[in-house]
Amino acid sequence: MAHISSLFHQIILFYRPFETHLNAILADHQLHRAQWSILYYLEKNDSITLVELAQLQGVEKPTVTRTVTKLEEAGLIKPMATHDKREKRITITEQGRTLYQQVRIPIDAFEHRLLEGVSEEEQLQMIELLVALREKI
């Protein structure tokens with residue numbers, strides 16, 4: 001059973017330096033990780049609600065609202081019209097999409113360097129494991 005605590009300890013040991021390096025890349029583009037996560041979700045999903053974002057990120061809605069406001073002020077995202085006025089749905093702007101593509105280049109290089117020597121099958125297994133673990137939290 002010692003390997004169980006070791007697994008989670010290794011996840012924590014990996015996450016901190018990964019986030020530090022990611023934030024250094026993002027800082028070159030005047031972004032931080034929470035903003036990047038929102039741009040990532042929007043690039044992959046076209047639009048998303050603030051409630052969905054809060055659930056995906058595991059944070060409270062006011063935290064997401066503050067980050068979304070800053071991205072809107074920067075012209076990187078914009079609100080979308082919805083049938084339900086209580087629901088705020090956002091989408092990425094062309095400026096946001098362009099920035100996303102620019103930032104993707106150094107992040108891809110960093111991630112590829114980290115995964116060098118890790119097979120696609122191992123990567124998929126890791127993704128499945130992490131998704132399954134997150135769903136249990």
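Predicted model: local features only at pLDDT ≥ 70, side-chain atom pairs only at ≥ 80, totals over all residues.
**Salt bridges, rings and a pocket**

Reader: How many residues apart in helix α5 are R104 and D108, and what is that in helical turns?
Author: R104 and D108 sit four residues apart in helix α5, so about one helical turn separates them. Helices here are DSSP runs of H or I with at least four residues, strands are runs of E with at least two, and both are numbered from the N terminus. Residues are numbered from 1 along each chain as its sequence is written, and side-chain values use heavy atoms, with hydrogens and water left out.

Reader: What makes R104 and D108 a salt bridge?
Author: The N to O distance between their side chains is 2.8 Å. The rule asks for a side-chain nitrogen of Lys or Arg within 4 Å of a carboxyl oxygen of Asp or Glu, so the pair passes. E111 also bridges to R104, with the closest N and O atoms 3.0 Å apart.

Reader: What joins R104, D108 and E111 into one network?
Author: Salt bridges with shared partners do that.

Reader: On to the rings. What makes the pair F14 and F18 stacked?
Author: The whole structure has four aromatic pairs. In F14 and F18 the ring centres are 5.4 Å apart and the planes are at 25 degrees, so this pair is stacked. The rule for Phe, Tyr and Trp (its six-membered ring) is that centres lie within 6.5 Å; planes under 30 degrees apart count as stacked, over 60 as edge-to-face, and the rest as tilted. Both residues lie in helix α1, four residues apart, or about one turn of the helix.

Reader: How do F14 and F18 count, buried or partly exposed?
Author: F14 has 47% relative accessibility, so F14 counts as partly exposed. F18 has 19%, so F18 counts as buried. F18 also pairs with F110: centres 5.4 Å apart, planes at 25 degrees, so that pair is stacked. Here the partners come from distant parts of the chain, F18 from helix α1 and F110 from helix α5, 92 residues apart. F14, F18 and F110 form one aromatic cluster.

Reader: What is the volume of the largest pocket, and which residues lie nearest its centre?
Author: Its volume is about 2300 Å³. It has 43 lining residues, with F14, Y15, F18, L130 and R134 nearest the centre. A pocket, on a 1 Å grid over the protein atoms alone, is an open set of points where a 1.4 Å probe fits, with protein on both sides within 12 Å along at least five of seven lines; lining residues have an atom within 4 Å of a point. Grid points are joined across faces, edges and corners, and the volume is the space filled by probe spheres set on them.

Reader: Which element gives the largest share of the lining of the largest pocket?
Author: That is α6, with 11 residues.

Reader: How do the residues of that lining divide?
Author: Into 27 nonpolar, eight polar and eight charged. Ala, Val, Leu, Ile, Met, Phe, Trp, Tyr, Cys and Pro count as nonpolar, Asp, Glu, Lys and Arg as charged, and the others, Gly among them, as polar.

Methods
Buried < 20%, exposed > 50% of the residue type's maximum accessible area, 1.4 Å probe, protein only.
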